[in-house]
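Open the model in your viewer and keep the selection panel handy. This tour goes from one selection to the next.

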Amino acid sequence: MTNFLQQCFNGLVSGGFYALLALGLAVIFGMLGVVNFAHGAFFMLGAFGAYLVLVEAGVPFWAALVVVPAALFVLGAILERTLIRRLAPFDPLYNFLLTFGLTLVLQDAVKREYGVQSQPYPRPAELAGTLDLGLFDYPAYQVFVLAASVVLCAVVWLVLTRTRIGMVVRAATERPELTRALGINVGRWVTPVFGFGVALAGLAGVLAAPMRAVNPLMGADLIIAVFAVVVIGGLGSVFGSVLAGFAIGLLQALGNLYVPALSQTLIFIIMAGVLLWRPTGLFGREEART
Amino acid sequence: MIRLLVRHTEPATRYLLLAAGLLIALALPWLIYPPVAMDIAAWALFAAALDLLLGYTGLLSFGHAAFWGSAAYAAGLIALHSGLPFPVAVLGGAGLAALLALPIGYLSVRTTGIYFAMVTLAFAQMIYFVANQWRDVTGGENGLQGIPRELFGLDLSDPFVFYYAGLPIVLFGLFCLWRVVHSPFGHVLVAIRDNPARARAIGYPVDRYKLLAFVLSAALSGLAGGLFAISHGFASLQEVYWTTSGKAVMMVVLGGIGTLWGSAVGAALVVQLEDYLSTSGFNGIGIVTGTVFVLVVLLFRQGLWGAARKLGTRRAGSRRDGRASDVSAAVEAQPAPASSALPR
């Protein structure tokens, strides 16, 4: 029983990463109609950024949580302004290909500088120990990551549904032309939203640094799993993406416990099932099928 | 395709171009390092097979490494354990790729556009994990090594000789593609690409056509992948990894989407570039290829062959009646300037 609960916790922690990345993907897709292949590379840059500012400038984990996403926000905004915007009038597949090219560049640039071996990143001292969760002890850092991802998703959800900015973004996502006709400057929000999605990926990267291997390839395989998560949840559905993220993390951990042979392929089998049953994803709308 | 290019030129030019292509294919190992020539030939077939989907059916598959790679493993295993002539092993690989493409294609064609790209990518990753875990068969991270090249006891160890043994397979594959594209079936695919709703309304079972195109494309990718494994003597996880899918897409886009020959040109350029970079000891090939790809997508979406064709049509158009042809103004956003021959 303890083992089972522990696995559930592990699953939810890794589900938190899926959810954060899927959330960023979904927000970007909603606003720009772009599927950002480079999302995994930005996640990796987040983790590497945390490592670099620690080693080069001695910036601690808590400061890195702010500094690195901010830097990635700027990077994302620049990329949107200089590259992605140019392909906006064309088939969205071109931007998919563009971000694929960016992924190769970013990944190999980091690999060239620092090699493929994993860099060590210490846990913040405040979260070094374990927490007594009643039935079992659990690393405090993992508990923090889970709480942080839940809170972040909830905050983004609240911003999207309860604030004026969120209203504009959602309106622009659903009916860009109509929103424009109502006198709202939709174009103004494109760059910040893309930057925000990239910053979210970077934040997830910083969170991952103390518990996962920091290396240039850490985002590559993860992003494809996140694509599967997004397909399961429904591309364009923020809620579906987040929910699918946590659910897939949980299922994967349980699969790991009971059918270890399937641990890596389970997510894709679930995706196949969802495609059979609901090709637009569990929470996707017909419009999302472009 | 040749026919498009030739529409505005004399019939003799068509055969001249075809002959020139054949001549280049035959002369390739004299011009460049023979193993690289073989790589170019295999990748050219792979890219052209992918273009059948991307350029003619309007589906961007980002998971074709699954078929190229699984065929590489299958061909390698057949050659290692049976001692059959290598073309049989390569055909076996193509057969496995086609078999694998049936369920993957069946599920994937239920989606379109960017969704299709993500789904195929995800399925290819699944194949990658299977290959990684199934160590007894695939050798895991070591891959399959020492794959023999058997052909009725002939000595094919010289890459120069092997090129001429493998080339017929590539030419056969390209000929198949050429026939498919120009068949009534191929025209239906183009109709589906340009207007799926209308094709459905006319009475074509769109999803079944897409699935058949997917399986054909996968089988021919498998033909290329099997040949690649035999020519290198090994099959590794790299063959099923997502970067391999991306590389093939890169070749198609660079050569020009919807132009089979363009894919071959794109393959030649990418293979040459990577060979040049790796022999010059540059660490970080992705920086260069990724940048090239970004630039091509940004500035050069019609690709090399597309640009050449545009030039050709413009010249032909001005010669005819002094007006620039409309074909040259084909919307860039479209995957390809359509030959839009709807079935009569």
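Start by selecting α4(A), residues 92-114, and α14(B), residues 285-299. This is a predicted model. The two axes come within 7 Å and cross at roughly 160°. Angles over 145 degrees count as roughly antiparallel, so α4(A) and α14(B) are roughly antiparallel to each other. Their crossing is left-handed.

Now show the side chains where these helices meet. On α4(A), pick residues including A:Tyr94, A:Leu97, A:Leu98, A:Gly101, A:Asp108 and A:Arg112. On α14(B), the partners include B:Ile285, B:Gly286, B:Thr289, B:Phe293, B:Val294 and B:Leu298. Color this contact by class: it has 13 nonpolar, 6 polar and 2 charged residues.

Move on to the largest nonpolar core, which has 214 residues. Select A:Ala22, B:Leu45 and B:Ala122, the residues with the most contacts inside this core. Then highlight helix α3 of chain B, residues 34-54. This helix supplies the largest share of the core, 17 residues.

Leaving out residues up to four places away in sequence, B:Leu45 touches B:Val170, B:Gly173, B:Leu174, B:Leu220, B:Leu223 and B:Ala224.

Technical notes. Residues numbered from 1 in each chain as written. Chains lettered and ligands numbered in written order. Predicted model: local features only at pLDDT ≥ 70, side-chain atom pairs only at ≥ 80, totals over all residues. Axes fitted to C-alpha atoms, helices over the stretch in contact; angles between N-to-C directions. Helix = DSSP H or I, 4+ residues; strand = E, 2+ residues; numbered from the N terminus. Parallel < 35°, antiparallel > 145°, perpendicular 65-115°, else oblique. Left-handed = near helix turned anticlockwise from the far one by under 90°. Contact = placed C-beta atoms within 7 Å. Nonpolar A, V, L, I, M, F, W, Y, C, P; charged D, E, K, R; others polar. Core = buried A, V, L, I, M, F, W, Y, C linked by C-beta atoms within 7 Å. Buried ≥ 20, exposed ≤ 12 C-beta atoms within 10 Å, placed from the backbone.
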